[in-house]
2 protein chains.
Amino acid sequence: MAPTNVGGLGLVAEDVHIGRQAPEPLTLEGIRTRRAKAGKLDAPTASYSDSDMFKAPQSFKKPLAKRWDHLLSPESAARKPCVLKQAAKHLKKPGLVSLGGGLPSSDNFPFESLSMQVPTPANKFSQHASDLKEVTIGKHDVRDGVGEGVLDLSIALNYGQSIGSAQLLRWVTEHTELVHDPAIADWRCALTIGSTGSLEAAYRMFGDRARGDGILTEEYSFSTALETAAPLGLRVFGIPMDEQGLLPDKMDELLTGWDEEARGGARRPRVLYTVPSGQNPTGATQSEERRREVYRVCQKHDVFIFEDEPYYFLQMQPYQEGGSGKSDTTAQSSSTTTTATKPHGESVNGSNGDADVEAFMRTLIPSLLSMDTDGRVLRHDSFSKVVVPGSRVGWVTGSEQVIERYIRHAECCSQGPSGFSQAVLYKLLDEEWGHDGYLRWLMHLRDEYAGRRDAILGACERFLPGELWLKVDHTRHPHASDKSLLELEEEIFDSCIERGVLACRGSWFRAEHDRPLSGAVLPHDVRGGVGGADGGGD
Amino acid sequence: MAPTNVGGLGLVAEDVHIGRQAPEPLTLEGIRTRRAKAGKLDAPTASYSDSDMFKAPQSFKKPLAKRWDHLLSPESAARKPCVLKQAAKHLKKPGLVSLGGGLPSSDNFPFESLSMQVPTPANKFSQHASDLKEVTIGKHDVRDGVGEGVLDLSIALNYGQSIGSAQLLRWVTEHTELVHDPAIADWRCALTIGSTGSLEAAYRMFGDRARGDGILTEEYSFSTALETAAPLGLRVFGIPMDEQGLLPDKMDELLTGWDEEARGGARRPRVLYTVPSGQNPTGATQSEERRREVYRVCQKHDVFIFEDEPYYFLQMQPYQEGGSGKSDTTAQSSSTTTTATKPHGESVNGSNGDADVEAFMRTLIPSLLSMDTDGRVLRHDSFSKVVVPGSRVGWVTGSEQVIERYIRHAECCSQGPSGFSQAVLYKLLDEEWGHDGYLRWLMHLRDEYAGRRDAILGACERFLPGELWLKVDHTRHPHASDKSLLELEEEIFDSCIERGVLACRGSWFRAEHDRPLSGAVLPHDVRGGVGGADGGGD
């Protein structure tokens, strides 16, 4: 039997081990079966939860992650559990009189209900007013037994655990298992306030200024990720790239020959920050083989990996001249999304209705997380690019040790994501869409973005010279001799804005800002990539 | 004229300086007048904004804050503006084609509208179904001119600036000015993800492990605040207290005689963390005179102040034996909250309708922020105790320099609070309740909590011995000779839980965990205080 009725401590280990007897396949149907067996989730205010409560039994048969004590910063190693969050776990005891940590009474919350109008898979996510569905979450739905829901405003809007609510953690854990099937037994998830926040925490968990720690990344990397590392005193080192992103042999070379003295006292970097899909700003996507090579080099040099994947589900087929970049699977899906769905992800058509969704998942390049037999990956997922940026909710996945350190950090910082965001996301993703509905949404969204990409590339084909890539020969600029490259770039940037186009300056994305500039602003072709230079890691 | 139609850069300085000609009083009516003059706020997606756009003209006549460069940490001093957030300010240019920072298209946001049922001042905040009002925020209300609102889901749920949306920043700025009237010209606010997050940022802005920095606080202090400081390597030093909280002369003594060597290399602390109202865990509230003395000592030793005030509006009249602890003003207010209100805080009865609200504000002990002529206070406000903890929204107020450093930090960490939370709070606090409605809510809430306090103290009077305070004589514990005080405390804590009562362990709140324990767990009487040991600073 799978873990049941969690929400307090103590039920986990036994239930989970019994589960080893009867592994179920990692399918949408498998999740439905597991949920049905587990019964209704009982997770009142500030309940303790962890991913082990929601993972498939076969997960636990995998090898355990390595330990990372030798890489953790003194700051992270020193963190202890937050006593008030720990004490909150006792609240589940029936009849307990709490003179402890103060939870404001939900009687005084000035929100009786929250409703939203959302598109549905049954209506192909049409946003026409008549195709929308109104979904409501009340203050005391759970206590009053309104609907099937297991989260209400009295729970979501009170203090919670920093890992996030059990209700949304369950969804995120199941989704992660379905899509990535992590390779270690002791993987876990934690909700975050978005990937910029979780990356900042990760830097502090593994990086220490006084130790001379550094970060490896693509030679052109997400500007905010670079800006997050710099004030912490973490040096950043760029790895040369090709159209598939960072070059593993170059990384190997860099680390093999590392000379601390020549690097001004910088210790050999022990962390890689990478955006494997739709890398920012180059748009490069690592192939499966490339990812395996990167992982092998990280193993060889004992490098820990921060995998930042905001665009994972926006992997598109390469652009075809004349348009139509939709993938076969996606195109196929469009005609089958009429499959009606019911709450809790139960498909009316049963498991047959899952075929297109499961085919979609098979088109996705496997993540580093999925290959990670050592537990050396901390993956950062985000709803920003695929639901809304304003939820400020994402999640991290990694080994139990690393996730536990992350939660200790969050307890003394963000205290977990917004309860409004959690309530809305739970209601939409879990109760309304279910896992299959969400995956259909992602297929739909990929189509939308592929259509937009095709439109702009089609326009470029029509109105611009044959080569899309504009390369500016700065040596012919009138001020080439008396102004620096950065000044010239700024002038070009400013005159673009004057003439009505906002661009990004290539220098923003240089991993090593202090290295002398070469001529080219960005050396790689972005065709066929996803997204724009627009913000991996948030 | 007050600042008008902000939302892009550049309009601030001129508009504001013109305003110096015609100062308006800091009243609810004054805010209404200013808003009416300013016209509709125009603040589309990711707009730049700052508090100067919303402050009363007379604010700018005050002296400027001191500079704090000598106290800022190397981490904070090294922060530069986030280039993508900076670039977003260009989006306001009409017709601009953005190839820059990527904002997902709101066409793909799966939320067409969000509605909530809320209590209203007109119905005395009754939560009976028929007394509630339904308030809706649509995706394109602003573009489509739906209602009077200036924020919609297309704006709130997209990326924004880390300071928060202009719409909610305006409300917070006006509220802060109304309640605290800060003493410097260049004060500003920034939205936060709650006070635990903003306190963590503040510690990092002013504290540096390598410099041997420390923090001063009450000898018993909020446990999470202590737990936040410890892993950063910041030593915490406790100041003796009486029933009004920390003793300024003891603080003076401590700092005057500071011996770095005797303190194991710890630098003389340059930061005070204090909870002036309803201090956690003692419940002590500093009188106005006590606050002035604390401030003077901080000036004398150039100490910067983190003022953490989650309970500011829950200041209650002392408990009277036999109950009825409601303050005169509050009691009076209950009979006058029938004054009908309209959106944007316009009272139907005009300024006369504001009298009880303004009387309520006068009963509040002035904050340290209100006395701060140097700009040495960073005040942390939170909606956790007075609206809902789950919004994970609060705000900080301080000098322009300090708030700017805070925003630079937030850009590479939280990226500002949840858009769902901001949308809901804006809709409730600004459009629906207005400033007067919110203050009436606070009066109402203070009554609610005073009633609860009276009930428990009444029960104590009736069922417990004359002295409420239980003091455990640990020397008479059977294990007094062979167990440590902490072990005894843990045993007592555990047996309380076994018997159905969750308490807080006094040791959690000791500022100096490594100092040998005396006998008493908590030395002060909590009667007449506010709240419980329940979480200042979040």
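Guide: Gladly, with the reminder that this is a predicted model.

Visitor: What is Phe111(A) in contact with, if its neighbours within four places in sequence are left aside?

Guide: In its own chain the contacts are Lys139(A), Leu153(A), Leu157(A) and Phe420(A), while from chain B they are Met116(B), Gln117(B), Val118(B), Val387(B), Val388(B), Val424(B) and Leu428(B). Contact requires heavy atoms within 4.5 Å, and Phe111(A) therefore counts as touching residues of both chains.

Visitor: Why is Ala229(A) called buried?

Guide: The word buried is used for a relative accessible area under 20%; Ala229(A) has 0%, and is therefore buried. Ala229(A) is found in helix H9 (residues 223-229) of chain A, and beyond its neighbours within four places in sequence it is in contact with Tyr203(A), Leu234(A) and Val236(A). Of these, Tyr203(A) is 26 residues apart from Ala229(A) in sequence, although the two are 6.9 Å apart in space, C-alpha to C-alpha.

Visitor: What makes one side of helix H10 of chain A a buried face?

Guide: In H10(A), residues 248-256, the buried residues are Pro248(A), Met251(A), Asp252(A), Leu254(A) and Leu255(A). Viewed down the helix axis they fall within an arc of 165 degrees, so they line one face of H10(A). Glu253(A) and Thr256(A), on the other side, are exposed, a word kept for a relative accessible area over 50%. The cover over the buried residues includes strands S5 (214-218), S6 (235-239), S8 (245-246) and S9 (271-274) and helix H11 (288-300) of chain A.

Visitor: Why are S4 and S6 of chain A said to stand at the edges of their sheet?

Guide: The open sheet has 7 strands in the order S4-S12-S11-S10-S9-S5-S6, with mixed pairing. S4(A) and S6(A) each have a single partner strand, so one side of each is left without a neighbour in the sheet. Neighbouring strands are turned by 20 degrees against each other on average, direction ignored.

Visitor: How do you know that S5(A) and S9(A) pair?

Guide: Pairing requires at least two bridges; 2 bridges join S5(A) to S9(A), which run parallel, and the two strands therefore qualify. Thr217(A) stands opposite Tyr273(A) in S9(A).

Visitor: What makes strand S12 of chain B largely enclosed?

Guide: S12(B), residues 394-399, has 6 of its 6 residues buried, so it is largely enclosed by the rest of the structure. It pairs in the antiparallel sense with strand S4 (residues 187-192) of chain B over 6 bridges, Gly398(B) being the bridge partner of Arg188(B). Strand S11 (residues 377-382) of chain B also pairs with S12(B) in the antiparallel sense, over 4 bridges, and here Val396(B) is the bridge partner of His380(B).

How values were computed
Residues numbered from 1 in each chain as written. Chains lettered and ligands numbered in written order. Predicted model: local features only at pLDDT ≥ 70, side-chain atom pairs only at ≥ 80, totals over all residues. Heavy atoms only, no water. Buried < 20%, exposed > 50% of the residue type's maximum accessible area, 1.4 Å probe, protein only. Arc of directions from axis to C-beta. Axes fitted to C-alpha atoms, helices over the stretch in contact; angles between N-to-C directions.
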